[in-house]
Amino acid sequence: MYILDEVKNQIRLGVRAAIDKAVKAGELPEAMLPDAQIPLEVPREEAFGDWSTNIALTSAKVARMAPRQIAEIIVKYLETEGTYIAKVEIAGPGFINFHLDPRWLTRVVVDIERCGANYGRVDLGKGQKLQVEFVSANPTGPLHIGHGRGAVVGSVLANLLAAAGYDVQKEYYINDAGNQIKNFGLSLDARYRQALGQDVPVPEDGYHGEDLRELMAEVAAEHGDYYLSLSDQERQELFIKMALERKLNDIKNDLAEFGVTFDHWFSESSLHESGAIAETIKQLQANGNIYEADGALWLKSTAYGDDKDRVVIRENGVPTYLAADLAYHKNKFDRGFDKVINIWGADHHGYIPRMKAGVAALGRNPDDLEVLIVQLVNLIRDGQPVMMSKRTGKLVTLAEVIEEVGKDAARYFFIMRSADSHLDFDLNLAAAQTDENPVFYIQYAHARIASILRQAAELGIIPAGSHPQAAGVNVQLLETPSERALLKKLAFWPEEVRIAAANLEPHRIARYAHELAGLFHSFYNAVRVLTDDPQLTAARLVLVEVTGVVLRVVLEMLGISAPERM
RNA sequence: GCGCCUGUAGCUCAGGGGAUAGAGCAACGGACUUCUAAUCCGUGGGCCGUAGGUUCGAUUCCUACCAGGCGCGCCA
């Protein structure tokens, strides 16, 4: 347990006991006995203390008493002996505000030293098995900027949930089947024949990217017109197989360079080949969730909240994308995941009700599937939106953006806004090596920490290669406002992990990083670490050290590097 | 037409039903003989899209409307 939780427990238990006593004394009605946890919040104003409860306000109605009166009775019976509660006040309409003895803050140093890189891990997930599926871009072309956002949101979310005590698996679903693949084959064929000098257009709804032109030019250069001797179908199947492998490999490389890795790559076509789709349809039929109409098989998704029923097997006998997705999600749950989280682009949000309906039809609680929608990204260059068109293949690729602004800046920009907010990605700002760029602000804090520790070693204050330790150091000397503010922020890291994980809000981690860095910079400017007072120096070095530990934990979660020098 | 997301400072955005709504950037004024000035300190800047409702209390929840984005296939 972290000191933060210990303090919150002290307050909660104290308030609960006070209410108990007041009820026994007949000063508060029985109805006041709380059946849930005492609500605690951090007041906006520092003057209102460290923690505050609105229990008197929320229970006023059931107690049939004025909130302030309830608060006064609770405070009267509140025992604070042996706790970190230093002062209790009633304020405003009936808030009970708790001011803590600042000595609680120095306990955080011990927590961080004890936990090291594990500091902030919490047991929200209790080991539940959970899958995060993200990116899952069609392997028919390069990743673009929109995939980048999903990739970072997914990878940070996975890190976050792991830190919150879930057993997390990251998965990429490879859409290597269906009509689009057929189109892909036609496009490849057209490019091949173009390379041989034939006047063959790429199909209107095909893939027009330059990457395919180059790829097939290579093939033509190497093998000439050999492939024309095959049947159209044979040739296209061969091209598809070859190109999918190439493209998937490119995607893997792009993602790896972006710090995004997966535990499992799942092929859609494997569902067709293994008979999993047929089996899933059979199960749905047995459940009475499938009917036949117009020569096709339909999923009765309206029975589970969708606004229309959906075709799963077409008139021509070919399964739809949804059929494969049903089989895929059945497979996920069969693998024993308690919950699966899909990260989709905003252009797929209309698909959620039918997918949830499908999950329900398969006999699973639809809430076990959580779909996180990531809104679209607008690229901005020189203050103007960068025009992108998928049809003409004029996309800004992820690789280009990383090339232009660097991995760290790109990751930070993709994660710094909440997923459901549209994101303006300002290329000039992300590439700027100036104070306008927030990612450097955070990294600079880490570089400064490293620099101070280097200095301390050079001056012989700490042995070279060692880290400042709290043992024998009087950390109570950390008592200036900037030191306390920094310690408090460090103490809240586990809480931040808990909240961000519970709400699936990885962007909060980016905010925390920025705020922590800001408090360190303030501290750095407010006081000197290396002074001629050995005790004070030792205490501040410990603070610098543990700040560095936490900053690295946070940056690691974000997948952003923590430079020793800048 | 229906559905989802968004609307908060000049710009980009935070804000777990609470108290006097915040941050970064931009603007303005200060701080480098001192551990890295990619930093810090300070100032100004707001009908929280509009109108209702629920609540002791709404930027937060609900409804309607307005504006922007994205969807609404036997495509994926």
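**Helix packing and a buried glutamate**

Visitor: In this predicted model, how are α11 and α12 oriented to each other?
Guide: Helix α11 (residues 276-286) packs against helix α12 (residues 321-334) with axes (lines fitted to C-alpha atoms over the stretch in contact) 9 Å apart and an angle of about 85 degrees. Helices here are DSSP runs (H or I, at least four residues). With 65 to 115 degrees as the range for the class, α11 and α12 are therefore roughly perpendicular.

Visitor: Which residues of α12 make the contact?
Guide: Contact means heavy atoms within 4.5 Å. From α11 come Ala276, Ile277, Glu279, Thr280, Ile281, Gln283 and Leu284, and they meet, on α12, Ala323, Ala324, Leu326, Ala327 and Lys330.

Visitor: What is the orientation of α5 to α18?
Guide: Helix α5 (residues 103-115) and helix α18 (residues 481-491) have axes 9 Å apart and an angle of about 50 degrees. Since angles under 35 are roughly parallel, over 145 roughly antiparallel and 65 to 115 roughly perpendicular, α5 is to α18 oblique.

Visitor: Is Glu483 buried or exposed?
Guide: Glu483 is part of helix α18. Leaving out residues up to four places away in sequence, Glu483 touches Leu477, Leu478, Phe523, Val527, Arg540 and Leu543. Its relative accessibility is 0%, and with a limit of under 20%, Glu483 therefore counts as buried.

Visitor: Which pLDDT do side-chain atom pairs need?
Guide: Residues are numbered from 1 along each chain, chains are lettered from A and ligands numbered from 1 as written, and side-chain values use heavy atoms, without hydrogens and water. Totals for chains, interfaces and linings use all residues, local features need pLDDT of at least 70, and side-chain atom pairs need pLDDT 80 or more.

Methods
Axes fitted to C-alpha atoms, helices over the stretch in contact; angles between N-to-C directions. Helix = DSSP H or I, 4+ residues; strand = E, 2+ residues; numbered from the N terminus. Buried < 20%, exposed > 50% of the residue type's maximum accessible area, 1.4 Å probe, protein only.
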